[in-house]
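Hello,

Here is the structure I said I would pass on. Please open it beside the sequence, and read the notes below with both in view.

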Amino acid sequence: MSEAKSYYVYALKDPRSSPAQAFYIGKGTGTRSSDHLLQPDTTRKGLRIQAIVESGAKVLVEVLVQHLTEAESLKIEAELIAAFGTEDSGGPLTNSVMPSGLSRKQRTAITVPTGAQERAQMGLSLLKEAVLNFVRANPQGVSNSDVASLLGLRSDYGGGSKDYLSYSILGLLMREGKVERVAGSKRHISRV
C-alpha cells in the first residue's frame with residue numbers, strides 16, 4: 001500500500017459498558033491505535049486506559065476507516081470528535097482537541113469562518129506530533145530555542161524573537177505527560 005493511503009481512523013472503547021463506549025477517537029498509521037495501551041500517559045485518555053486495565057478489563061481498539069490519506073484521516077477524525085463530543089462539551093470522548101462548534105466560549109463580535117477552528121486544531125495536532133517526534137529523536141533533550149529554530153517555528157512578529165508558539169506546544173505536551181522539563185535546565189525530554 002502506498003504511504004499516501006496508509007492512514008486510518010480508530011476508536012478506543014471501554015468494554016465495561018454494554019455496548020462498549022468509545023472514549024477516544026484518533027488517526028494514525030502502523031501500530032498507532034495500540035501504542036496508547038503500551039505506556040498510558042497522565043491525560044484523561046491515559047487515566048481511562050489505566051482504570052480499564054486495573055478493573056481487569058481490556059481496552060477495545062476498533063479501526064473505523066482505513067486506507068486514507070493523512071488529510072482524509074484528519075477530516076474524519078475531527079468530524080467524529082465533533083459528532084461524539086468531548087468531556088469538556090458534555091460528550092464521552094477524552095480527546096483534548098476541540099473541533100469547530102464545540103468551544104464553550106462564544107464571542108458575538110468575532111466571526112469564526114466555517115472550518116477555521118477544525119483546521120487550526122488539526123494543524124495543532126500535526127505540530128504537537130512533529131515536536132514530540134523531534135524531542136523523542138534527541139534523548140539528551142532539546143530547548144525551546146532548538147524546537148523554534150530547527151523546526152522553523154521561530155516568530156518574527158513585530159521584530160521580536162519570542163518563540164511563544166514552540167513554548168505553547170511544549171507546554172501542551174508537558175500537560176499531556178508526553179514531555180518533561182529536565183530539572184535545573186532549559187531542556188525537554190520525552191516521557192513516552
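Two strands count as paired if DSSP finds at least two bridges between them. Please keep in mind that the model is predicted.

The sheet

By that rule, β5 and β6 (residues 187–190) are a pair, because they are joined by 3 bridges. Their pairing is antiparallel. Within this pair, V179 lies opposite S190 of β6, and E180 has I189 of β6 as its bridge partner. The hairpin formed by β5 and β6 has 5 residues between the strands. In that hairpin G184 has a positive phi, near 75°.

β6 also pairs with β4, again in the antiparallel sense, over 2 bridges. Here V142 stands opposite H188 of β6.

Put together, 3 strands make an open sheet, and their order is β4-β6-β5. Which strands are at the edges? They are β4 (142–143) and β5 (179–181), each of which pairs on one side only. Helix α6 (residues 164–175) packs on this sheet, where it touches β5 and β6. The direction of α6 makes an angle of about 110° with that of β5.

As background for looking at the strands: in a regular strand, side chains alternate between the two faces of the sheet.

The largest pocket

The volume of the largest pocket is about 1000 Å³. Its lining consists of 42 residues, and those nearest the centre are Y24, R32, H36, K45 and K178. Several elements give two or more residues to this lining: the strands β1 (7–14) and β2 (21–28), and the helices α1 (32–38), α2 (44–54), α3 (70–84), α4 (116–136) and α6.

Which element gives the largest share of the lining? That is α4, with 9 residues. By residue type, the lining of the largest pocket has 14 nonpolar, 13 polar and 15 charged residues.

S33 is found in helix α1. Is S33 buried or exposed? The relative accessible area of S33 is 9%, and buried means under 20%, so S33 is buried. Apart from neighbours within four places in sequence, S33 is in contact with Y8, Y10, L12 and V61.

Those are the notes that go with the structure.

Regards

Key: Residues are numbered from 1 along each chain as its sequence is written. This is a predicted model: local features need pLDDT of at least 70, side-chain atom pairs count only at pLDDT 80 or more; totals for chains, interfaces and linings use all residues. Side-chain values use heavy atoms; hydrogens and water are left out. Helices (H or I, at least four residues) and strands (E, at least two) are DSSP runs, numbered from the N terminus. Contact means heavy atoms within 4.5 Å. Axes are lines fitted to C-alpha atoms, for helices over the stretch in contact, and angles run from 0 to 180 degrees between N-to-C directions. On a 1 Å grid over the protein atoms alone, a cavity is a set of points where a 1.4 Å probe fits but cannot get out, and a pocket is an open set with protein on both sides within 12 Å along at least five of seven lines; lining residues have an atom within 4 Å of a point. Grid points are joined across faces, edges and corners, and a volume is the space filled by probe spheres set on the points. Ala, Val, Leu, Ile, Met, Phe, Trp, Tyr, Cys and Pro count as nonpolar, Asp, Glu, Lys and Arg as charged, and the others, Gly among them, as polar. Buried means under 20% relative accessible area, exposed over 50%, partly exposed in between (1.4 Å probe, protein chains only).
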